[in-house]
Amino acid sequence: MTVLVETRGLEMRFALPTHFLSREKPVLHALNGVDVAIHKGEAFCIVGESGCGKTTLGRAIMGLLAPSAGEIDFDGTRIDKLSEHARRPFRARMQMVFQNPYASLNPRRTVFDTLAEPLHHLRPELSGAELRKMVEVVMLDVGADPKWGRRMPHEFSGGQRQRIAIARALVTDPEFVVADEPISALDVSIQAQILNLMTKTREERGLTYLFITHDLSVVEHFGDRAAVMYLGQIVELANVEVLFDGPRHPYTRLLLEAIPKLDGGSFDQEHQPGELPNPVKPPPGCAFAPRCPLANERCHRERPNLSVTGATQVACFAVEEGRD
Amino acid sequence: MALLEVRGLEVAFPQGRRAEALALRGVDLDLEPGERLGVVGESGAGKSMLAFAILNLIAAPGRISAGSIAFEGRNLLDLSSDEIRKVRGDRISMIFQDPMMTLNPVLTIGTQMVETLQAHRRIGWDEARKLSIERLAQVAIPSSETRFDSYPHELSGGLRQRVVIAIALLTDPEIIIADEPTTALDVTIQAEIMSLILRLCRENRVGLILITHDLGVVAEATERLMIMCAEKVVEEGPTRAIIDTPDHPYSRGLLAALPQRSERGKPLNQIPGSMPGIADLPGGCAYHPRCERAYAGCHLEAPALEAHGPRRVACFRPLLEKAEA
């Protein structure tokens, strides 16, 4: 299997604003050494709760944020240090769909202008007729009426807007699409429409997806492989079936147990209050140790690394030592 | 006689100069003491409108244009604003979606709790403080004595929602109306908050009206379920029965669209189109343009909610799987 996108030791630190006289210089660690290799043609999911760094990872890969350390490769070329000019050919090959279609479409542009913009920018050699043709083809592909082109975003419902946002991502004919929570702002019946559309475009165009979500039930349906993130680190990475049938990391188990199920049984258990630790002062050991039922003294002291255990990769001492 | 009995409730908003559009079109609702009722629908289905209307909180220019809300035998719509204030927040409490919007950012949590108590009871500050700290401990807030003096921004989202629940429970209400109480929270926090709400409702025999878009949450938490579509109830009955064998095509469509209910690698079952706005409802059954079972009659007349055993369905061609099987 060929690797399309790879990150090695990716770190992202944000300096927080402080008082100008303050000696403390607080730094937020959004990503703490993330290694992922996304294969050509797969749907790779990143799952985690708010603040775990999943969006930061997607944005770093897209080049919307410059990583503090580490490397990002796209199709064998290192892209994180490229100049704006050298990066341009890659921009057409990787595109992004955002969470909120009410915010991601320019309210003062017609749908056609929104869809033509990436082509104007990345393929200036196209003639007007070619450009119109390409926009029309992509609109039909996502189930949008080409007549929508003359209308403005406010005339559309959330689901229709998200179709337009997907069309904008596909118009440059990319190989790789980062979809950051593309369905969480939508209603249940519309979510299914958009997920089906993404599956269809993936099959027809041979797309590789990086699907960022907090919703595990979507991952089970849509993803091939999934990585679970906690406080800027990947704690478990496996094929989706493996992850759902035999989750190894205690956090993955907690996440799976917490999903409200149609058959019931999840809310009847007693749940202790647990919170993500402060990312400015992360605990010295495993980030999950303060909430973990299996944590021992070593977990509070050392930080586990992702290592292969059976069919999955897990970052957990309890699993390594067979205490789980 | 049920604890809460809502009959034919309608809410109207002005549309243009003369016309009005209905944001709630004749909703009936019953709640027994200690019962947990789920209200499910997509955005714009009128579920939050129902919650606000029950507490007579519809803001102008909207108004309750028809119906009655009987709580312990009294029609809440006939009460003066002073009288309804004695019910609202005291006998019937409400929990909203976003705890950052519900809590006052410039007052400590303690002040807000004492304020709530003193609005409804003759109670001294010391006693109110004691009771508040007790409630904070009850919702599993660690070191509740120091949290009493914290400001909302010092707490995480999950803790804030716990504070909101503690405030809702302060006055020992008969009914809690929770409008999407966990939508703004992460899944693990959602499980914590929901299991807490469930435990407290069971222990204190508090009735719960849980409004949400998430069928998984109601399946876990409620005994009875109402499914709303286009400002109306389309199906009502025991939660388990509706989840297992929905009678209304819309209920079935919603359930089938969930990834939990679908086979891996197959496309999800989708409902075509989207919810119509309140200003441009189609004639007849509002769901018919999206419905796979619609026939000519559905365009002409809106079906009434009719009893089928323990359930009520508003559809001319309900699925009624048990009858067919």
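Which residue in strand 9 of chain A is the bridge partner of A:Cys45? It turns out to be A:Ala226. A quick word on the ground rules: this is a predicted model, in which local features need pLDDT of at least 70 and side-chain atom pairs count only at pLDDT 80 or more, while totals for chains, interfaces and linings use all residues. Residues are numbered from 1 along each chain as its sequence is written, with chains lettered from A and ligands numbered from 1 in the order in which they are written.

Back to that bridge. Strand 3 (residues 43–47) and strand 9 (residues 225–230) of chain A run parallel and are joined by 4 bridges. Strands here are DSSP runs of E with at least two residues, helices are runs of H or I with at least four, and both are numbered from the N terminus. Two strands count as paired if DSSP finds at least two bridges between them. In chain A, 8 strands make up an open sheet with mixed pairing, in the order 6-7-8-3-9-10-12-11. At its edges sit strand 6 (94–97) and strand 11 (307–309), each pairing on one side only. From one strand to the next, the twist averages 20 degrees, with axes taken as lines fitted to C-alpha atoms and angles running from 0 to 180 degrees between N-to-C directions.

Next comes the meeting of the two chains. Here 35 residues of chain A are in contact with 38 residues of chain B, contact being C-beta atoms, placed from the backbone, within 7 Å. On the chain A side, helix 7 (188–205), helix 8 (216–222) and helix 10 (250–258) each supply at least two residues. Helix 7 of chain A gives the largest share, 8 residues.

A:Ile259 lies in the loop between helix 10 and helix 11 (297–301) of chain A. Beyond its neighbours within four places in sequence, A:Ile259 is in contact with A:Leu216, A:Ser217 and A:Ser266, as well as B:Val187 and B:Gly216.

Over in chain B, helix 1 (residues 47–54) is mostly covered, with 6 of its 8 residues buried. Those buried residues are B:Lys47, B:Met49, B:Leu50, B:Ala51, B:Ala53 and B:Ile54. Just after helix 1 of chain B, B:Asn56 adopts a positive phi of about 55 degrees.

Definitions and conventions
Two residues are in contact if their C-beta atoms, placed from the backbone, lie within 7 Å. A residue is buried if 20 or more other C-beta atoms lie within 10 Å of its own, exposed if 12 or fewer, and partly exposed in between; C-beta atoms are placed from the backbone.
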